Amino acid sequence: MTFAIPLRAVVEDAGLALEVVADSLRPGALERPVRWAHVSELRDPGPYLLGDELLLTAGVDFATAPEDVERYVLGLLGAGITALGFGVTPPMHEAVPDALREACVRHGLPLLVVPPRTPFLAINRAVAVALAEAAQRDQRRVAVAREALIKAAAEGLRPLVRELAQQLDAWAALAGQHDEPVAEHGAPAQWPAEVSELLAKLRAGRGIRSATTELPDGTSLLAQPVSPQATASHLLVLGRRRRFDATERAIVAVGAGLLGLAGRAKDAPLSAATTALLLHDGPPEDVLTRLLPGGEYRVVAGTAVRRRAADDAADHDWLSTHLRTPLVQLADGGFTAIVNVPPAPELLSGMRDQGWLPVVSRQHRADSLPSAVREVENLLDRAKSLGRPVVADSDLRLSTMVPSDAASAFATEVLAPLLALDPDRQPGGLRDTLRVWLAHHGNWERTATALGVHRNSVRHRIGQAERALGADLADPETRMELWFALRWEPPRSFN
């Protein structure tokens, strides 16, 4: 999920003192998304842009011929930028060139005048801060909605559909394999023809997908299969007067996953607890212990290795049968399951034959299952590094002998410098890179492959981490301490 802020948020930042060329604004222009602020003095920056940028230029070596300015503006529009900010920098430019102003007005490219006292860095920083705040708001909203949906799932399909509709201020319906409503909240008694067309379009595809359309009365429709998406017979459809944004689509995905598991499992509360675990955010302890009362459990997970074309239904049945548990979730070619009895070595070998590299966690009580997610992530890194299944030891080890509060305090203190640089623990951030690098024994190539980035990016991030920590990462003792700090780091929570 990518995050954006409206152009209005930048324009209305009094500290930047930006002037808007009003004639360049078309209706709705100030609501257009800004995903980043970027500086470029190229005459044709279009090929290097991703779209939705606020592009900044001081007009260095700027074209003077009207036809060249026209080509420049059209190129920016073709690249999909949101707005152009021109920095007035006397004596080079006392004002925005007339040819640029006229071209922006003619083609509707929002033009902002940046005064000399406002450095581009200040704009970059303001956009970055606003994006971070927007991301935190959206992530918090998803987390709150996820918890509410998990609680509703414990009561059944209809309460879950009702909660999803209320979270999104929309009507919602779960359609069966013949498009009949299985559960609904607020849905029209007679579905418009467009709904049937949307569901037919969805059933014709494969894999994780969704479909949208708009009714003549302005109602936006969103539909997607429940879990597992590739073989689902039931479809979730929602409608309301305004479109669904990226954050709301994430909430819909949570609801669809819960509906799929609740519909397939014999015990809906157990399937809801499984989904909570797999989404890396467990429900409150009192809810989790009620759903999984007593006993100890292990988490078994597997990542795809040379996997053939997947059949989600067959894979789910195979894993459920061999692991002897209904609590199985497939995602991104891999799986995660909660079991009472750890799998035998021959079953782990069988999983490898099926194309999975499996790991098994230590035993956990129901109320500590959410913390097993971090353990499983570390085990998967270790398994990839070793190229074989990994089973966590249940015997006493350093990681189990240290009290949890002391371990968390140690991790917080050691990793504090990285927290300042990577407060949101973004995937591919410094801590993530450091953890994968340590799991691969400092091997640049294997770390880059695991992260899906260039090895120079890995070197740059590790160098940043080393400088921030003030540590020598060539020292094996330092590596050991950092490895345990990363393992013991408290999971992120939203308050």
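1. Asp475 sits in the loop that joins helix H17 (455-469) to helix H18 (476-488). Helices and strands here are DSSP runs, helices (H or I) of at least four residues and strands (E) of at least two, numbered from the N terminus. This is a predicted model, in which local features need pLDDT of at least 70, side-chain atom pairs count only at pLDDT 80 or more, and totals for chains, interfaces and linings use all residues. Residues are numbered from 1 along each chain as its sequence is written, and side-chain values use heavy atoms, with hydrogens and water left out.

2. Asp475 has 30% relative accessibility and therefore counts as partly exposed. The cut-offs are as follows: buried is under 20% relative accessible area, exposed is over 50%, and partly exposed is in between (1.4 Å probe, protein chains only). The areas come from the Shrake-Rupley method.

3. Asp475 also belongs to a negative surface patch, together with Asp472, Glu477 and Glu481. Such a patch takes residues with over 30% relative accessible area and no salt bridge, and joins like charges within 9 Å. Asp and Glu count as negative, and the place of the charge is CG of Asp or CD of Glu.

4. Helix H11 (residues 345-353) has a buried side made of Leu347, Leu348, Gly350 and Met351. These residues are on the same side of H11 because they cover an arc of only 155° around the axis; the arc is taken from the directions from the helix axis to the C-beta atoms. An α-helix has 3.6 residues a turn, so residues three or four places apart point the same way. Pro345, Glu346 and Asp353 are exposed, on the face of H11 turned away from the buried side. Just after H11, Gly355 has a positive phi of about 100°.

5. Ser371 is found in helix H12 (residues 369-386). Its relative accessibility is 40%, so Ser371 is partly exposed. Ser371 and Trp488 are separated by 117 residues in sequence, while their C-alpha atoms are 9.9 Å apart in space.

6. Side chains of opposite charge can pair when their charged atoms come close. The rule for a salt bridge is a side-chain nitrogen of Lys or Arg within 4 Å of a carboxyl oxygen of Asp or Glu. The count by this rule is 14 salt bridges.

7. One of the salt bridges pairs Arg43 with Asp61, at 3.4 Å from N to O. Arg43 is in the loop between strand E4 (36-39) and strand E5 (53-57), and Asp61 is in the loop between E5 and helix H2 (66-79), so the bridge ties together parts 18 residues apart in sequence. Arg43 is partly exposed at 48% relative accessibility, whereas Asp61 is exposed at 54%.

8. Arg106 and Glu70 form another salt bridge, with their closest N and O atoms 2.5 Å apart. Arg106 belongs to helix H3 (residues 98-107) and Glu70 to helix H2, so this pair links parts 36 residues apart in sequence. Arg106 is partly exposed at 47%, and Glu70 is partly exposed at 22%.

9. Glu214 and Arg243 also meet in a salt bridge, at 3.8 Å from N to O. Glu214 lies in strand E10 (residues 211-214) and Arg243 in the loop between strand E12 (235-240) and helix H7 (246-264), so the pair ties together parts 29 residues apart in sequence. Glu214 is partly exposed at 45%, and Arg243 is exposed at 66%.

Definitions and conventions:
Patches are made of residues with over 30% relative accessible area and no salt bridge: like charges are joined within 9 Å, nonpolar side chains (Val, Leu, Ile, Met, Phe, Trp, Tyr) within 5 Å. Accessible areas come from the Shrake-Rupley method with a 1.4 Å probe; for residues, only the protein chains shown count as cover.
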